[in-house]
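Please load the model in your viewer and colour the chain by confidence before following the stops below.

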Amino acid sequence: MIKVHGTLISFVGDSLAVHDILGFLSPSARKLCRLCLVTREEIQTNFSDEDFQLREMEEHDELSQIAADRGRGDSDSGIRGVCPLNVLSSFHCVNNFNFDVMHDLLEGVCQYEIKLILNQLLFVDQFMTLSEFNQRISSFHYSFNDKKNKPTCLSMERIRNIQDHKLGEKASQMWCLTRMLPLLIGDRIPQDNLHYEILLLLLQCLDIIYSPVVSIPQTVILKHMIIDHHSHFKLVFPKSRMINKHHHMVHYPMCMRMCGPLVLSQCLRFEIKHNFGKRLAAINCNFRNICKSVAVKHQVMQCAGWMGKGLREDLECISGSVVTVSSLEGSQSIIESLHLHEDSEIFAASKVTVYGIEYIPNMYLVTGIDDDDEPQFSRIVVILVPGTTAGEINFVVRRCYNSGFFRHYHAFCVQEMEMCAYSLVRLDDLIDHVPLTALSSYENNSRVYLCPRHSLIHHRE
Ligand SMILES: [Zn+2]
């Protein structure tokens, strides 16, 4: 028998659920934040976490007891009652330094702001018609990793309905739309457009927030980016109110310093896991003991997965062929790096999947960061799979010339170098394991753009 010990370090969920479990009044209360004592009026003007007094454990315990005795909570403190999780030795609700980036950003700030920006750019400034915009959403050549997240077309009623803050996209679609919007409409928007600038400032923040590794200096940069973004939003849309989720963003840099990158605990992953149970409840049609039914079926599914068939292999390589080295592009670099002969045979894959990430020739890899913090990109020419483990994979690549980061499109521009030699890169040597697809804007003779999903310079202190 194995004894497993666990401890609760953080509780994550949407605002309504977290406020309920942690003993706070609803997020619509005047004291709306679970970490600080900010009021609804103050979040309109104050965008730095130094402006707010954080909740403290002792004071909170006294106030929560008073609120619990009253029965209906205390609107002066925003507390509804005692948090039952506070009995755990390592947890206290005021030290739960975690906000969910999926609910805050993808289902909150991004939808709210992009709705306002599109309303301005499409219907007031008329840089593009709605049908043209929708046509571009439908026909845009999305990256390989974003194909499943293609956004749905938007209606005029939806964009113009400012009372409702939603755009009607799912979280994963919203992430795709937010990142691709500069390439979708950037060619029609003049440089330095104030409304478009909100989007660019938001994307800068997202780059760090969505990074799976964040350095301490980056959290300080993020703090100032968030202040810039919020101030600019208020300047451009003075009549639009800052929402609770804007205020949560103000605490993000501190939360990252306390708990690590927030994206690692976002609800998107948990909701995908819960999807099985949610679908099962409807399919099963047995509601006598729904928790037991879902738990049993879930265990059966998990068991079947661990038995073998449903379990994902570390390395999957199902297409390709054994070829002689001399027939491959960049053969000289292969011979030198792997100490092979011209007539040696090797397996060249047309696609490999490593831990669920697919690599295909002509995708781009981040193969280095130079002294000026500029990423080095290389195009995959051949994928060599000499063995059965992921560590043995070698990519034959051609280094590209990085023309720099084009802020207007929020993308790096790359060019193929004519005289560039081939080189071999191992999977373990990559700066970021997610491959990139070449993207285009709608300019005439568009350059080749690469849009990493997050900041690439996190390894630097
Ligand atoms: Zn707060």
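Begin with the two ends of the confidence scale: helix α10 (residues 267-284) has the lowest confidence in the chain, at a mean of 84, whereas α7 has the highest, at 97. The values are pLDDT, the predictor's confidence in each residue, from 0 to 100, and helices here are DSSP runs of H or I with at least four residues, strands being runs of E with at least two, numbered from the N terminus. Over the chain the mean pLDDT is 90, with 98% of residues at 70 or more.

This is a predicted model, in which local features need pLDDT of at least 70 and side-chain atom pairs count only at pLDDT 80 or more, while totals for chains, interfaces and linings use all residues. Residues are numbered from 1 along each chain as its sequence is written.

Next, select the domains, whose bounds come from an automatic or database domain assignment: domain 1 (15-95), domain 2 (101-265), domain 3 (271-307) and domain 4 (315-450).

Finally, select Met307, which lies in helix α11 (residues 290-307). Met307 is exposed because 9 other C-beta atoms lie within 10 Å; exposed means 12 or fewer, buried 20 or more, and partly exposed in between, with C-beta atoms placed from the backbone.
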